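Here are a few exercises to work through with the sequence and the fold side by side. Try each task before you read its solution.

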Amino acid sequence: MEDIIKIENLTFKYVKDEDEDEEVSAIRGISLDIEKGSFTAIIGKNGSGKSTLAKNLNGLLIPTEGVVYVDGWNTKDEEHIWEIRQIAGMVFQNPDNQLVSSIVEDDVAFGLENLGIESSEIRKRVDIALDSVDMGEFKKNAPHLLSGGQKQKIAIAGVIAMKPKCIIFDEPTAMLDPKGRDEIMTIIKELHEEGITVILITHFMDEAAEAERIVIMNDGKVILDGTPVEVFSKGDLIRSVNLDVPLSV
């Protein structure tokens with residue numbers, strides 16, 4: 001099957017202290033291919049590099065070394081960065097960081113308006129996106145009055161409306177209660193069933209077990225990569241990096 005994302009020897013470094021020249025490698029020479037239509041979970045403890053990797057997958061961060069291709073586009077190519085971000089949409093941990101308008105439907109329409117989409121097409125896409133996350137009845141509401149789970153649904157709807165081929169979820173359930181987590185995971189699985197490539201960054205093993213493929217990161221490197229059954233059979237290695245192994249897969 002064709003790959004939508006190709007990561008070749010990706011290294012990402014950042015300056016630890018602005019007053020010093022010391023650089024820290026958050027990602028160390030990772031190479032991964034993500035197939036179109038697949039569902040991949042990337043897990044690891046805080047500081048493992050998984051969120052830094054996520055931001056490299058749609059050009060929010062640019063590799064220090066190596067290269068990332070999104071549907072054939074090199075993320076270092078500034079001329080095509082907006083095409084890349086339309087292909088690979090991103091949902092973050094805190095939905096408040098993605099909500100920009102005082103009315104739900106305006107928020108979902110925001111990205112489309114910036115792209116200059118026709119108003120009639122925007123109206124159609126907004127309604128479809130809100131209905132897909134069961135938030136159509138809230139389209140006239142103020143986002144700040146919604147629950148955390150509802151806000152995250154609105155953030156997801158805003159990405160869905162852009163019609164991306166791939167959606168990168170960067171710990172989308174980390175700030176939610178169990179009910180909210182379940183609702184977001186249901187939406188993620190439905191999007192995958194519709195053919196969208198899903199990359200889920202998480203530290204919840206039960207969420208990772210829902211994926212077709214699991215990549216475990218530690219200290220900026222990939223230490224395990226395989227199906228849930230293959231990965232979770234390496235219990236000793238998983239526990240050695242302070243992660244839990246689910247009771248069943």
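**Exercise 1.** Which helix is Lys151 found in? Work out too whether Lys151 is buried or exposed.

*Solution.* First, some ground rules: this is a predicted model, where local features need pLDDT of at least 70 and side-chain atom pairs count only at pLDDT 80 or more, while totals for chains, interfaces and linings use all residues. Residues are numbered from 1 along each chain as its sequence is written, and side-chain values use heavy atoms, leaving out hydrogens and water.

Step 1: go to helix H5 (residues 148-160), and there you'll find Lys151. Helices here are DSSP runs of H or I with at least four residues, strands are runs of E with at least two, and both are numbered from the N terminus.

Step 2: check the accessibility. Lys151 has a relative accessible area of 13%, so it is buried (buried is under 20%, exposed over 50%, partly exposed in between, with a 1.4 Å probe and protein chains only).

Step 3: look for its contacts (heavy atoms within 4.5 Å). Skipping neighbours within four places in sequence, Lys151 is in contact with Pro95, Asp96, Leu99, Pro143, His144 and Leu146.

**Exercise 2.** Find the buried residues of helix H3 and say what they pack against.

Step 1: read on just past the end of H3, where Gly116 takes a positive phi of about 75 degrees.

**Exercise 3.** What is the salt-bridge partner of Lys140, and how far apart in sequence are the parts that the pair ties together?

*Solution.* Step 1: apply the rule, a side-chain nitrogen of Lys or Arg within 4 Å of a carboxyl oxygen of Asp or Glu. That gives a count of 24 salt bridges.

Step 1: pick out the pair. Lys140 meets Glu105 at 2.6 Å, N to O. Lys140 sits in the loop between H4 and H5 and Glu105 in helix H3, so parts 35 residues apart in sequence are tied together.

Step 2: compare the two ends. Lys140 is exposed at 58% relative accessibility, whereas Glu105 is buried at 9%.

Step 3: widen the view. Glu105, Arg123, Asp127, Lys139 and Lys140 are linked in a network of salt bridges.

**Exercise 4.** Where does the salt bridge between Asp219 and Arg28 sit in the chain?

*Solution.* Step 1: get the distance, with the closest N and O atoms 3.5 Å apart.

Step 1: Asp219 is in the loop between strand E9 (213-218) and strand E10 (221-226), and Arg28 is in strand E2 (residues 23-35), so the bridge ties together parts 191 residues apart in sequence.

Step 2: check the accessibility. Asp219 is partly exposed at 45%, and Arg28 is partly exposed at 35%.

**Exercise 5.** Locate Thr64 and list what it touches.

*Solution.* Step 1: look in the loop between helix H1 (50-56) and strand E4 (65-70) for Thr64. Its relative accessibility is 38%, so Thr64 counts as partly exposed.

Step 1: leave out residues up to four places away in sequence, and Thr64 touches Thr11, Phe12 and Lys13.

Step 2: Thr64 and Ser102 are 38 residues apart along the chain, and their C-alpha atoms are separated by 38 Å.
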